[in-house]
Amino acid sequence: MDSVELYRQLLGLTAPWTVERVELDMVKQHVEVHVRHASGQRFGCPECGRELGVYDHVAERVWRHLDSCQFLTYLHAKPPRVSCPDHGVHQVMLPWAHAGSRFTNLFEALAIDVLLAANVKRAAAILRITWDEAWHLMERAVLRGRAAKGDGIPRQIGVDEKAIAKGHRYMTLVCDLNEATVEYIGEDRKEASLAAYFDAFPQESREQIEAISLDMWPAYINACRDKVPGADGKMVFDRFHIMRHVVDAVDKVRKQEHKALMQAGDTTLTKSKYLWLTNPANMTDQAKERFDELKTAKLKTGRAWALKEALRELWGYKSAAWARKFWERWYFWATHSRLAPMIAAAKLIARHLPNVLTYFAHRITNAVAEGLNSKIATVQKRACGYRNPNHFKIAVYFHCGGLNLYPASVTHTRAG
Ligand SMILES: [Zn+2]
């Protein structure tokens with residue numbers, strides 16, 4: 001077999017495309033594969049598929065292909081154009097690469113596998129491409145994958161905010177709670193940040209949403225009410241977010257009490273912050289011993305902590321009716337605690353109670369989104385934080401989007 005035939009087979013080229021010649025550059029360690037099509041060949045219009053004669057050729061283009069034994073391998077061809085009576089002059093589709101790509105599909109598929117397994121810098125080094133080319137490749141893969149998703153909307157979604165990099169720049173994340181994928185990343189955490197996600201879908205699709213897990217955050221609530229038909233029956237205020245408000249209230253009580261005690265020279269609460277935040281089941285014996293003492297020390301912080309622990313039971317009820325009865329008892333206890341932060345937290349939850357109790361109809365939480373958050377944190381760590389928000393979005397979609405990232409023709413090869 002000569003090298004022309006070998007490369008024709010390696011490239012999987014079929015008629016009308018064939019390898020014209022192969023050049024080996026020993027100095028640069030390059031293999032240059034020149035490809036051409038048979039003369040008199042007809043090609044389909046890329047818009048409508050109508051078979052047409054060649055109108056002209058554009059200048060020669062070059063695509064990076066899979067290496068041949070450490071030699072960087074490039075494919076050269078002059079893409080033909082056709083002149084369609086309905087769609088005008090267009091370049092025809094090429095079997096080895098997508099329009100606009102500088103890589104063949106097979107190279108892109110390998111690059112995607114490497115980029116999924118390593119950080120961008122390392123992947124670029126392995127693939128012998130630049131950092132910019134690596135990002136561009138990821139971006140194209142993400143755009144392709146997202147375009148292939150179509151109009152379908154997840155039935156159960158989770159909405160969460162995410163701080164990126166330093167300086168508290170926020171993003172809004174929408175997750176598919178069933179697939180555990182990031183569906184959307186919006187700039188900021190405003191009403192418009194979330195509204196833009198819904199706006200990408202027609203009204204009929206938005207009606208299909210069954211439940212939305214979110215924090216008691218007015219901007220998100222407004223976006224849901226404005227864009228999702230029947231939102232009031234679908235929004236569920238996430239239990240983990242609710243508990244976080246109460247945990248924060250316990251910490252405020254501790255800080256205030258600690259300050260007051262210290263003024264009297266009492267160090268009882270010194271270095272106790274994490275004891276009140278940690279699940280006793282996860283404490284060391286030593287920590288547990290000190291925590292047991294603190295709990296029985298008639299501290300305000302102890303009372304706040306007991307209130308917080310009791311509230312967890314709310315989500316254990318089988319029905320909304322029983323949960324509501326429990327809530328009324330808890331609310332009375334909290335609002336009579338004379339602990340201002342606990343009273344504020346209780347009133348915040350009370351104002352949002354109808355959509356706390358929708359939990360018993362839908363039984364969703366943002367736990368999936370929280371799991372994705374840790375996956376995102378790993379993606380962030382691997383890139384040493386993202387100063388460029390566009391890179392952050394691309395990386396999250398790439399690793400957490402559940403997308404089919406591969407070029408279509410490669411996917412078919414694999415599936416077959
Ligand atoms: Zn056409």
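At what angle do helix H17 (residues 367–382) and helix H18 (residues 389–400) pack, and how far apart are their axes? The views below take this up, starting with the helices.

This is a predicted model, where local features need pLDDT of at least 70 and side-chain atom pairs count only at pLDDT 80 or more, while totals for chains, interfaces and linings use all residues. Residues are numbered from 1 along each chain as its sequence is written, and side-chain values use heavy atoms, with hydrogens and water left out.

**View 1. Helices H17 and H18 pack at about 125°, with their axes 10 Å apart.** Axes are lines fitted to C-alpha atoms, for helices over the stretch in contact, and angles run from 0 to 180 degrees between N-to-C directions. Helices are DSSP runs (H or I, at least four residues), numbered from the N terminus. H17 and H18 are therefore oblique to each other (angles under 35 degrees count as roughly parallel, over 145 as roughly antiparallel, 65 to 115 as roughly perpendicular and the rest as oblique). Look for Leu372, Ile376 and Val379 among the H17 residues in the contact, and for Phe392 and Val396 among those of H18; contact means heavy atoms within 4.5 Å.

**View 2. Helices H13 (residues 320–335) and H14 (residues 340–351) cross at roughly 150°.** Their axes come within 8 Å, and H13 and H14 are roughly antiparallel to each other. The contact includes Trp327, Trp330 and Tyr331 of H13, along with Ile343 and Ala346 of H14.

**View 3. Cys45 (SG), Cys48 (SG), Cys84 (SG) and His87 (ND1) are the protein donors of the zinc ion.** Donors are N, O and S atoms within 2.8 Å of the metal (3.2 Å for Na, K and Ca), and these lie 2.1 to 2.4 Å from the zinc ion. In sequence, the donor residues follow the spacing C-x2-C-x35-C-x2-H.

Terms used:
Helix = DSSP H or I, 4+ residues; strand = E, 2+ residues; numbered from the N terminus.
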